[in-house]
Amino acid sequence: MPDQLETLKQVVSAKNFEIIIVASGKGGVGKSVIAANFAVALAKNQKSVLLFDADVGFANADILLGLTTKNTLRDYLVGKMELKDVLYPTSYGIWLLSSGTDVGDLIAFRSESKLRLMDDFMKIVVDMDYAVVDTGAGFTEELLSFYEAADKLFMITTPEPTALINVYTLAKMLATKGIFPELYLIMNQSRNTSKDTQVLERFSYVLEKFAGWTIAEKLIVREDAGVSASVLKQIPFIETQKHSQPAQAIQRLSKMVLKSQSYEDMEPDGFFVKFKKLFGIK
Ligand SMILES: Nc1ncnc2c1ncn2[C@@H]1O[C@H](COP(=O)(O)OP(=O)(O)OP(=O)(O)O)[C@@H](O)[C@H]1O
Ligand SMILES: [Mg+2]
């Protein structure tokens with residue numbers, strides 16, 4: 001291993017850098033909206049945050065933030081650009097990186113390209129506190145390592161039975177592989193919070209009892225016209241609708257995350273191993 005990489009490894013290891021993966025079983029449940037607003041909420045708490053849009057099919061984090069990102073991680077991986085040139089600053093204090101390629105494809109990339117990526121990625125995250133990763137819906141076997149890299153997993157569902165069942169399937173699949181990041185269960189687009197609170201309680205019980213998970217936090221985000229309006233305006237609702245329930249719920253979520261420290265007893269090599277998993281390096 002080159003010396004420079006060894007030094008970086010030590011620097012990054014000394015840091016409290018966390019990877020938060022935002023996932024769901026079903027599409028259209030609010031992953032991207034929550035990921036973008038949550039990243040902005042962390043930045044408002046003086047954290048340096050990378051929002052990684054890994055949903056190639058419907059990559060839209062840039063649209064939600066009112067940006068145009070011409071270049072993606074793919075341009076870097078094929079050798080067309082430097083990593084810093086595909087990383088976009090935003091006016092909300094977060095950095096945006098779009099994958100531009102399916103995570104499965106990213107994992108299939110040549111290992112030399114990925115070792116270079118890991119080296120360059122570590123140079124970037126040396127100055128950062130969190131990576132919030134917005135994923136596509138569902139799950140395939142090749143994404144396992146990606147989930148394994150997560151310190152925290154936000155599972156987004158709606159109150160609908162189909163969304164809940166798909167989250168259960170994803171949770172069960174991860175459990176079967178022994179992958180248990182710290183779990184935050186988020187029920188979005190709730191129209192009847194007292195009824196949905198009961199559903200969320202019962203669902204959490206099922207996840208804990210039958211899928212072996214421990215749920216760190218549960219949260220309800222209401223359906224709110226301000227959220228869809230903010231999507232149309234391309235401004236995060238956390239900026240424009242500060243007093244709405246969704247904005248307050250996301251602020252609460254950011255406080256919960258800031259308070260928890262899942263990396264406390266990480267081994268010295270933990271960060272290195274984590275990035276290897278994120279990029280599927282064997
Ligand atoms: N709490 C909410 N209140 C009102 N509308 C919402 C809420 N959450 C999400 N939406 C609406 O749902 C749409 C889809 O959300 P989003 O794109 O974040 O879903 P997704 O899970 O990322 O979808 P995909 O699986 O396609 O990536 C948003 O454009 C927004 O209009
Ligand atoms: Mg999305």
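Trainee: Why is β6 largely enclosed by the rest of the structure?

Mentor: Because six of the six residues of β6 are buried. A residue is buried if 20 or more other C-beta atoms, placed from the backbone, lie within 10 Å of its own, exposed if 12 or fewer do, and partly exposed in between. Keep in mind that this is a predicted model: local features need pLDDT of at least 70, side-chain atom pairs count only at pLDDT 80 or more, and totals for chains, interfaces and linings use all residues. On labels, residues are numbered from 1 along each chain as its sequence is written, while chains are lettered from A and ligands numbered from 1 in the order in which they are written.

Trainee: Okay, and which way do the β6 residues point?

Mentor: K152, F154 and I156 point one way, and L153, M155 and T157 point the other way.

Trainee: What strands does β6 sit with?

Mentor: β6 and β1 run parallel and are joined by four bridges, with F154 as the bridge partner of V22. Six bridges join β6 to β7, again in parallel, and there I156 stands opposite I186. Two strands pair if DSSP finds at least two bridges between them.

Trainee: What holds paired strands together in general?

Mentor: Strands of a sheet pair through backbone hydrogen bonds, either parallel or antiparallel.

Trainee: What's the order of the strands in this open sheet?

Mentor: The eight strands go β3-β4-β2-β5-β1-β6-β7-β8, with mixed pairing. At the edges are β3 (87-89) and β8 (215-222), each pairing on one side only. From one strand to the next, the twist averages 20°.

Trainee: How many helices and strands does the protein chain have?

Mentor: There are 13 helices and eight strands. These are DSSP runs numbered from the N terminus: H or I with at least four residues for helices, E with at least two for strands.

Trainee: Back to the sheet. Why is β5 largely enclosed?

Mentor: Five of the five residues of β5 are buried, so the rest of the structure largely encloses that strand. Y130, V132 and D134 point one way from β5, whereas A131 and V133 point the other. β5 (130-134) pairs with β1 (18-23) in the parallel sense over five bridges, with I21 opposite V133 and D134 as the bridge partner of V22. β2 (49-53) also runs parallel to β5, joined by five bridges, and L50 has A131 as its bridge partner.

Trainee: Which helices lie across the sheet?

Mentor: Two to look at: α9 (193-210) lies across β7 and β8, at about 155° to β8. α12 (245-259) lies across β6 and β8, at about 165° to β8. For those angles, axes are lines fitted to C-alpha atoms, for helices over the stretch in contact, and angles run from 0 to 180 degrees between N-to-C directions.

Trainee: Which residues touch the most other members of the largest nonpolar core?

Mentor: V22, A39, L51, V132, F154 and M155, out of 85 residues in that core. α2 gives the most to the core, with ten residues. Such a core is a set of buried Ala, Val, Leu, Ile, Met, Phe, Trp, Tyr and Cys residues joined through C-beta atoms within 7 Å.

Trainee: New topic: how many residues surround ligand 1?

Mentor: 20, and the closest are G27, G30, K31, S32 and V33. A residue joins this shell if its C-beta atom, placed from the backbone, lies within 6 Å of the ligand. α2 (31-44), β7 (182-190) and α10 (225-233) each supply at least two of the shell residues.

Trainee: Last one: is Q189 buried or exposed?

Mentor: Q189 is buried, with 22 other C-beta atoms within 10 Å. Q189 is in strand β7, and its phi is near 60°, a positive value in a residue other than glycine. Q46 also has a phi near 60°, but Q46 is in the loop between α2 and β2 and counts as exposed, with 9 C-beta neighbours inside 10 Å.

Key: Two residues are in contact if their C-beta atoms, placed from the backbone, lie within 7 Å.
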